[in-house]
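Here's a quick briefing to read alongside the sequence and the 3D view. Have both open and follow along.

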Amino acid sequence: MSFSSRVKDELAKQISMARHCQIAELAAIMSFCGQYGRDSGGNYTIGFQTENEAVVRKGFTLLKKTYNMDSGVALSAGEMQGILRKLGWPEEPVSRLVIKNACCKRAFLRGAFLSAGSMSDPAKSYHLEFACTDERKARQLKEVMAGFGIESKIILRKKYHVVYLKEGEGIVDLLNVCGAPVSLMHMENLRILKEMRNSVNRRVNCETANIAKTVNAASRQVDAIEFLREHYGFKNLPQALREMAEIRLENPDASLKELGEYFNPPIGKSGVNHRLRKLGELAEKVKEDVLKKGGEYYDKKRHSDQSGERAGGKAHSAAGAGSQ
């Protein structure tokens, strides 16, 4: 059974105690899936056009409680007129007088969802909708939900005016208004679980990004310091920068905070970052000076790439010679 069907089964069991609320819910069911007819004897009949047996049972239960009418019983013209004056024609929106009270509006929304509503499994996505054959009915639904602080939207889909909700909070509020506490709690549990998973995923992604950023920064710092050692000399560095360079080379994987603790006395992350930045700027300046003088500096990454290319070229030549 789908989650939508479970919600409808729960709502179908909810019977309002007040007759005016029963009439409001019955009016909604008649408006969205009710039908009036006449039998071979010319008497009037009432039915419900739906595949959901729970909705049919609920409709006839409400007819029995409000008008003492059993299923399959024909009505006289006078009885039919009395029902029409209260419930209205199925082609028309429900009278505002029928749903003037807040409790009646709740019953109206319950009947509307039973008759024309559906929702997706909240474990997969959040989506609840009412398929209305008339734009006026769609706007009435939107207006009634707005009275409970539930924002919805209307879209035209083929021949239906669809009133829909896509926010989990709005769907939970609607289930509460309609009177489906079991379904509401089940959905809330799923929402909490989903939010926890999303929170954990965001935290893991953030930590992964921070680790990658730290590793990349440490690698650049070590390269810059090794370049200075080869082309500038640690003896030419100020005491603070020389000490920083030596500590970083000895601890290439340490964080800024950990690096600061190796100093005597210890220094903060900002102090470590400042000294490493100074070393990086100095390395760039020395590289520019070396290049201006027409010299070349040793780049480990470039040297590794070139070595790989040379090795690949030799292997290719050897293979060519063998084939000859």
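Predicted model: local features only at pLDDT ≥ 70, side-chain atom pairs only at ≥ 80, totals over all residues.

Residues are numbered from 1 along each chain as its sequence is written, and side-chain values use heavy atoms, with hydrogens and water left out. As for the labels, helices (H or I, at least four residues) and strands (E, at least two) are DSSP runs, numbered from the N terminus.

**The four-stranded sheet**

- Look for an open sheet of 4 strands in the order E3-E4-E6-E5, with antiparallel pairing; two strands pair if DSSP finds at least two bridges between them.
- At the edges sit strand E3 (117-119) and E5, each pairing on one side only.
- On average, neighbouring strands of this sheet are turned by 30 degrees against each other, direction ignored.
- Axes here are lines fitted to C-alpha atoms (for helices, over the stretch in contact), and angles run from 0 to 180 degrees between N-to-C directions.
- E3 pairs with strand E4 (residues 128-132) in the antiparallel sense, over 3 bridges, and Gly-117 has Phe-130 in E4 as its bridge partner.
- Helix H6 (residues 135-146) packs on the sheet and touches E4, E5 and E6, with its direction about 15 degrees from that of E6; contact means heavy atoms within 4.5 Å.
- Strand E5 (residues 153-157) and strand E6 (residues 160-165) are antiparallel too, paired over 5 bridges, and Lys-153 has Tyr-164 in E6 as its bridge partner.

- Gly-34 stands opposite Phe-48 in E2.
- The hairpin of E1 and E2 has 5 residues between the strands, and Gly-42 there takes a positive phi near 90 degrees.
- How many aromatic pairs does a search of the whole structure find? It turns up 3, where rings of Phe, Tyr and Trp (its six-membered ring) pair if their centres lie within 6.5 Å, and planes under 30 degrees apart count as stacked, over 60 as edge-to-face and the rest as tilted.
- One of these is the edge-to-face pair of Phe-48 and Phe-60, at 5.1 Å centre to centre and 85 degrees between the planes.
- That pair links distant parts of the chain, 12 residues apart: Phe-48 is in strand E2 (residues 44-48) and Phe-60 in helix H3 (residues 53-67).

**Helices that pack together**

- Helix H8 (residues 181-231) and helix H9 (residues 239-250) have axes that come within 10 Å and cross at roughly 125 degrees.
- That makes H8 oblique to H9; angles under 35 degrees count as roughly parallel, over 145 as roughly antiparallel, 65 to 115 as roughly perpendicular and the rest as oblique.
- The crossing of H8 and H9 is left-handed, which is the term if the near helix is turned anticlockwise from the far one by less than a right angle (right-handed if clockwise).
- Among the residues that meet are Ala-218 and Val-222 in H8 and Ala-245 and Leu-249 in H9.
- H8 also packs against H11: their axes come within 9 Å and cross at roughly 50 degrees, so H8 is oblique to H11.
- The crossing of H8 and H11 is left-handed.
- The residues making this contact include Phe-227 and Leu-228 of H8, along with Leu-276 and Val-286 of H11.
- Helix H5 (residues 102-116) and H6 pack at an angle of about 135 degrees, with axes 10 Å apart, and are therefore oblique to each other.
- H5 passes H6 in a left-handed crossing, and Phe-108 and Leu-109 in H5 are among the residues that meet H6.

- Most residues other than glycine have a negative phi, and most peptide bonds are trans.
- Lys-158 isn't a glycine, yet has a positive phi of about 55 degrees; look for Lys-158 in the loop between E5 and E6.
- Is the peptide bond from Asn-264 to Pro-265 cis or trans? This bond is cis, with omega near 0 degrees.
- You'll find Pro-265 in the loop between helix H10 (256-261) and helix H11 (269-292).
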